Amino acid sequence: MGKRIGILMGGMSSEKEISLKTGDAVFEALKSRGHDVVKVFVDRDIDQVLRQTPIDVAFLALHGTYGEDGCIQGLLEIMGIPYTGAGVLASALAMDKLKSKEMFRLHNVPTPPYYCVDGSDIDKLEAIHGSFGFPAFVKPRRDGSSVGAGRANNLAELVERVEDAAQFDSSVLVERFVAGREIAVAVLDGRALGAIEIVPRGSFYDYKSKYQKGQSDYFFPARLSPTRYKGVLNIAERASRCLGADVYSRVDVLVTEGENEYVLEVNTLPGMTATSLTPKIAAGAGYSFADLCEVILNRATTHSGRKASTQRSASVNPPAGDSVPDESEPALSKSAS
Ligand SMILES: Nc1ncnc2c1ncn2[C@@H]1O[C@H](COP(=O)(O)OP(=O)(O)O)[C@@H](O)[C@H]1O
Ligand SMILES: [Mg+2]
């Protein structure tokens, strides 16, 4: 009897709709390869659902708060259920754009200058912003899919943008606006698979350009010189490694005319619909969508560093703790000089 795979989808974040699409796509792909798959809809009662619907491994098709930030990962660790993607620490670091940027700076991964402001400090914004300058780019500290994100060209717009972003997270990230081209890099097993260039119809890669057909043009491979292309792949590998999220992730990068590259964020559970960026990049590297789903599934594990015997069930392949970087011995310390 094969392992029963639960596709964990839905969830409680602003990206629920995307998660349902990711879940459907992964479900169909794994089913087509003969796997025993079941959809598991995630809500506040997920612990009970998991006890009623026993699964051997969890394929995480979740995005955003509770699904991508270490919360569900923590629950699965406790229950001893191996799961796909990054562990608790890497997920939490990657979801928190402020903490990610602190790690990037520690490891010399270029990222735009920034500061963080609390939504309740809006009356002090002028003083806090000080000489930071304009244009600035504002986004919720811990959210995704560009919700609540936008450009501010002056103080009045900054106040508006911070108010918008604060609807999604009480803590708001303000970054130097980078005029550049949008690149996404998929990382699998610590290696960058390739870089895709996105040209959104709108002024930036907002929710609409991400998820509405025809709202963005894509170029694979990204239109960069061979040297620069390699450089971007290298930066993305370093960015994901310094968070401990290099088993599988997507790194968002902006590249300027002036030959500067800036990492915006690492996504530990990137969108996996048939038209999402990661499958597009993987296709360029020779993986079909179902291949990619199977590779991700095969890396499923728990990350606690405990012996497999203390776990309810072992990972599908490879065994827990084997060939998968152990996050209790994080990549952080390995790469620190
Ligand atoms: N500092 C910045 N300068 C210019 N555009 C930005 C900046 N930060 C983000 N953006 C735009 O907003 C989009 C979303 O930002 P990102 O940091 O990737 O957050 P998320 O995708 O989690 O919402 C980016 O893909 C890019 O188009
Ligand atoms: Mg992004």
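I began with an open sheet of five strands, whose order I read as 10-9-8-11-12 and whose pairing is antiparallel. For my own reference, strands are DSSP runs of E with at least two residues, helices are runs of H or I with at least four, and both are numbered from the N terminus; two strands pair if DSSP finds at least two bridges between them. At the edges I found strand 10 (216–219) and strand 12, each of which pairs on one side only. Neighbouring strands here are turned by 30° against each other on average, direction ignored.

Before going further I noted that this is a predicted model, in which local features need pLDDT of at least 70 and side-chain atom pairs count only at pLDDT 80 or more, while totals for chains, interfaces and linings use all residues. Residues are numbered from 1 along each chain as its sequence is written, and chains are lettered from A and ligands numbered from 1 in the order in which they are written.

Within the antiparallel sheet I looked up strand 8 (residues 181–188), which pairs with strand 11 over eight bridges. R181 stands opposite V255 of strand 11.

Next I turned to the parallel sheet, an open one of three strands in the order 2-1-3. Strand 2 (36–42) and strand 3 (57–60) each have a single partner strand, so one side of each is left without a neighbour in the sheet. The twist from one strand to the next averages 30°. Strand 1 (residues 4–10) pairs with strand 2 over seven bridges, in the parallel sense, and G10 has V42 in strand 2 as its bridge partner. Helix 1 packs on this sheet, touching strand 1, strand 2 and strand 3, and its direction makes about 160° with that of strand 1. Such angles run from 0 to 180 degrees between N-to-C directions, with axes fitted as lines to C-alpha atoms, for helices over the stretch in contact.

I then followed helix 1 (residues 16–32) to helix 11 (residues 289–298), and the two pack at an angle of about 90° with their axes 9 Å apart. That makes helix 1 roughly perpendicular to helix 11, a word used for angles of 65 to 115 degrees. V26, A29, L30 and S32 in helix 1 meet F289, A290, C293 and L297 in helix 11, where contact asks for C-beta atoms, placed from the backbone, within 7 Å.

Last, I checked the backbone and found a cis peptide bond between F134 and P135, with omega about -5°; P135 lies in the loop between helix 6 (125–129) and strand 5. A cis peptide bond also joins F220 and P221, and P221 is in the loop between strand 10 and helix 9 (226–243).

How values were computed. Angles under 35 degrees count as roughly parallel, over 145 as roughly antiparallel, 65 to 115 as roughly perpendicular and the rest as oblique. Two residues are in contact if their C-beta atoms, placed from the backbone, lie within 7 Å.
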